[in-house]
Amino acid sequence: MNTHAPMVTTRSGASIATRRLSKSFNGTTVLHPTDLEIPAGQILVLLGPSGCGKTTLLRLIAGLEQPDGPDMIRFDGEDVSGVPIEKRNVGMVFQSYALFPNMTVAENVGYGLKVRKVERAQREAETRRLLALVGLEEYADRRISAVSGGQRQRTALARALAIKPRVLLLDEPLAALDAVLRERLRVEIGLLLREFGITAVYVTHDQAEAMAIGDRIAVMEKGRIAQIDVPKEIYHRPANDFVADFVGTMNRIAGRVENGLLNIHGGETMARLNVGGPDRATTLCFRPEAARLASANGAISARVAATTFFGATQRLVAEVSSECRLQLDLPSNVSVTPGQILAFEIDPAAIIEFQTEA
Amino acid sequence: MNSRRFDFFLILPLAIFTLAFLILPVARLIAEAGSGPQGLAGFLVILTEARFRNSLIVTLLLAIVTTVATLAVATIAAQTLANRRFTGRGLLLSMLTFPLAFPGVVVGFMIILFGGRLGLVGSVTKSLVGTNVVFAYSLFGLFLGYLYFSVPRVLLTILAAAEKLDPSLVEAARSLGASPFAIQRDVVLPALFPAMYTGGALCFATAMGAFGTAFTLATNIDVVPLLIYTEFTLATNASMAAAISIALGLITWAALAIARNRAMRDVKGG
């Protein structure tokens with residue numbers, strides 16, 4: 001490695017490591033001891049329902065909350081547990097934007113440089129550069145109240161990036177926006193963060209957002225990380241029931257495996273699913289898109305209860321029996337009407353079986 | 001009923017009130033002020049005669065100092081009360097509303113109990129250093145009385161604003177590296193400014209015009225409300241009393257207008 005090489009303009013931020021990081025409030029544990037490694041430049045999404053501890057974890061990394069013990073958080077190997085947020089050099093983006101209403105868009109973006117006593121000309125140049133980056137040059141002199149929600153969040157992002165933070169922390173940044181804008185901005189933010197190559201921790205309860213933005217996703221449940229992996233693995237190989245349900249739609253077929261076959265009773269026919277393995281009571285899971293139409297022989301038959309058109313695909317609610325309702329995605333050019341009996345099969349490679357008690 | 005006539009009926013009570021209690025009496029007051037030996041030139045006497053002029057200056061200074069002190073105490077206390085939860089907080093808040101109903105006379109009486117000839121401070125200092133410290137009957141006593149009167153009112157106004165302040169604003173400023181001083185200057189105070197204006201205006205107007213406390217404490221204080229009273233009752237100089245009243249009203253009104261103007265400019269678009 002050539003140590004004399006000039007600094008590249010794109011910074012990659014610091015790596016983040018937590019060791020047995022935990023937090024309790026008044027005797028209630030909101031974050032159980034958590035080990036986390038985020039390499040420099042990676043975007044980690046903390047995904048989970050409200051109260052799962054994702055925001056607490058983010059605030060601990062930010063320095064807005066104090067961990068239960070010493071030396072639990074490191075940036076680039078340096079213990080920052082005792083460093084207050086003012087000195088930790090982290091960029092923060094909040095759900096409420098948290099923009100200063102008494103300042104213009106440009107003044108907001110330049111605020112971190114101003115309190116750092118960066119000379120005026122340099123500050124203004126840097127502010128302009130960041131406003132250009134988020135596409136807000138024309139709005140520089142506008143009051144915050146005079147720009148839209150999406151523009152506010154881009155201002156907040158530019159303000160956080162202006163201080164060249166070691167890590168960027170985003171707490172549900174898109175939750176206050178309407179659906180269309182949210183979808184557009186999550187693409188923009190994802191691109192921007194990658195362009196910056198900054199280490200980022202992004203909190204959300206929206207799985208689509210998590211998939212779009214995260215290099216990796218940590219799904220959290222009740223103060224613990226249930227699974228941490230790349231989006232594909234989280235989706236296709238969920239570690240447990242909770243992750244399977246929280247990310248995407250999961251179908252379940254319960255039954256008993258005998259001689260490697262799961263008997264499914266439904267409608268007029270009975271299908272056997274070849275799953276192999278020892279005899280056991282089990283629940284098999286599969287995603288809606290793992291279903292495909294099949295000839296009646298050996299396939300599962302189900303009565304279509306409802307269809308929803310999604311454009312490229314359509315989602316069917318199909319009843320195998322009164323206890324077993326499934327959601328199946330089929331190409332939208334297949335003609336299906338409610339009440340119809342449909343024969344389908346499941347891609348064996350897409351079947352997931354969790355270890356459950358017999 | 002068409003909407004213009006309906007609007008007229010909606011505004012009618014306020015119109016009657018304004019006419020009966022504002023326009024007519026003030027017009028009468030102006031007429032009265034002009035009826036003195038010097039006519040409308042009586043207004044100039046307020047400025048030319050030292051007794052009146054000094055009284056105006058003293059009152060104005062007292063009102064300004066009271067307002068500044070009240071805002072300082074109330075703004076600091078409001079932020080602390082808004083951001084911290086501690087046992088006794090509810091009790092403290094309800095105790096603060098307790099003196100709201102006290103008339104000025106009672107406030108004056110309490111200042112006498114505190115700093116009067118037989119007051120708490122006097123008896124303590126007498127037993128400690130041998131001198132009976134008395135300040136109740138001075139401008140300082142009046143200042144304390146107004147402070148006692150104004151702090152709870154202003155505090156509750158600013159507290160409401162401080163509780164509405166989005167905590168992530170302060171967190172965002174901290175993450176950007178702002179010092180506590182910079183956060184106060186750039187984030188918190190601008191957000192509290194409208195409430196500080198409202199509270200400060202209330203406090204200023206009270207300190208300019210309050211009579212009861214001044215009357216209770218007054219031995220050697222010559223604030224404007226007392227001057228009006230003296231001119232009206234003792235000197236039976238109704239025209240002079242009227243002229244000073246109008247001057248008092250105008251000064252207070254102008255001060256509040258300037259402050260409001262500033263406040264609106266500062267929060268414009270906020």
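User: How much area do chain B and chain A bury between them, and what percentage of it lies on carbon and sulfur atoms?

Analyst: Please note at the outset that this is a predicted model. An interface may be read from the accessible area that two parts lose on being put together, summed over both. Here chain B and chain A bury about 1900 Å² between them, with 57% of that area on carbon and sulfur atoms. Three residues, B:Arg174, B:Ser175 and B:Leu176, supply 34% of the area that chain B buries against chain A, more than any other three residues. In residue terms, the contact takes 22 residues from chain A and 19 residues from chain B.

User: Which elements of chain B give two or more residues to the side that touches chain A?

Analyst: They are helix H8 (167-175) and helix H9 (180-209) of chain B. The largest share, seven residues, comes from H8(B). By residue class, this side of chain B divides into nine nonpolar, five polar and five charged residues.

User: How many helices and strands does chain B have as a whole?

Analyst: Chain B has twelve helices and zero strands. Along its principal axes, the C-alpha trace of chain B spans about 75 × 70 × 35 Å.

User: Turning to chain A, what is the order of the strands in its four-stranded open sheet?

Analyst: A sheet is read by listing its strands in the order in which they pair. In this one, the order is E2-E1-E4-E5 (chain A), and the pairing is antiparallel. E2 and strand E5 (78-79) of chain A each have a single partner strand, so they stand at the edges and one side of each is left without a neighbour in the sheet. Helix H1 (residues 54-62) of chain A packs on this sheet, touching E1, E2 and E4 of chain A. The direction of H1 makes about 115° with that of E1(A).

User: How many bridges join E1(A) to strand E2 of chain A, and how many join E1(A) to strand E4 of chain A?

Analyst: Strand E1 (residues 16-25) and strand E4 (residues 73-75) of chain A pair in the antiparallel sense over three bridges. E1(A) and strand E2 (residues 28-38) of chain A pair, also in the antiparallel sense, over seven bridges. A:Ala17 illustrates both pairings: its bridge partner in E2(A) is A:Glu37, and its bridge partner in E4(A) is A:Arg74. For A:Thr18, the bridge partner in E4(A) is A:Ile73. E1(A) and E2(A) form a hairpin with two residues between them, and A:Asn26 in the turn has a positive phi of about 50°.

User: Which strands stand at the edges of the five-stranded sheet of chain A, and why is one side of each left without a neighbour?

Analyst: The strand order of this open sheet is E15-E19-E16-E17-E18 (chain A), with antiparallel pairing. Strand E15 (291-293) and strand E18 (325-331) of chain A are at the edges; each has a single partner strand, so one side of each is left without a neighbour in the sheet. From one strand to the next, the twist averages 50°.

Definitions and conventions:
Residues are numbered from 1 along each chain as its sequence is written. Chains are lettered from A and ligands numbered from 1 in the order in which they are written. This is a predicted model: local features need pLDDT of at least 70, side-chain atom pairs count only at pLDDT 80 or more; totals for chains, interfaces and linings use all residues. Side-chain values use heavy atoms; hydrogens and water are left out. Two strands pair if DSSP finds at least two bridges between them. Axes are lines fitted to C-alpha atoms, for helices over the stretch in contact, and angles run from 0 to 180 degrees between N-to-C directions. Contact means heavy atoms within 4.5 Å. Buried area is the accessible area (1.4 Å probe) that two parts lose on being put together, summed over both. Ala, Val, Leu, Ile, Met, Phe, Trp, Tyr, Cys and Pro count as nonpolar, Asp, Glu, Lys and Arg as charged, and the others, Gly among them, as polar.
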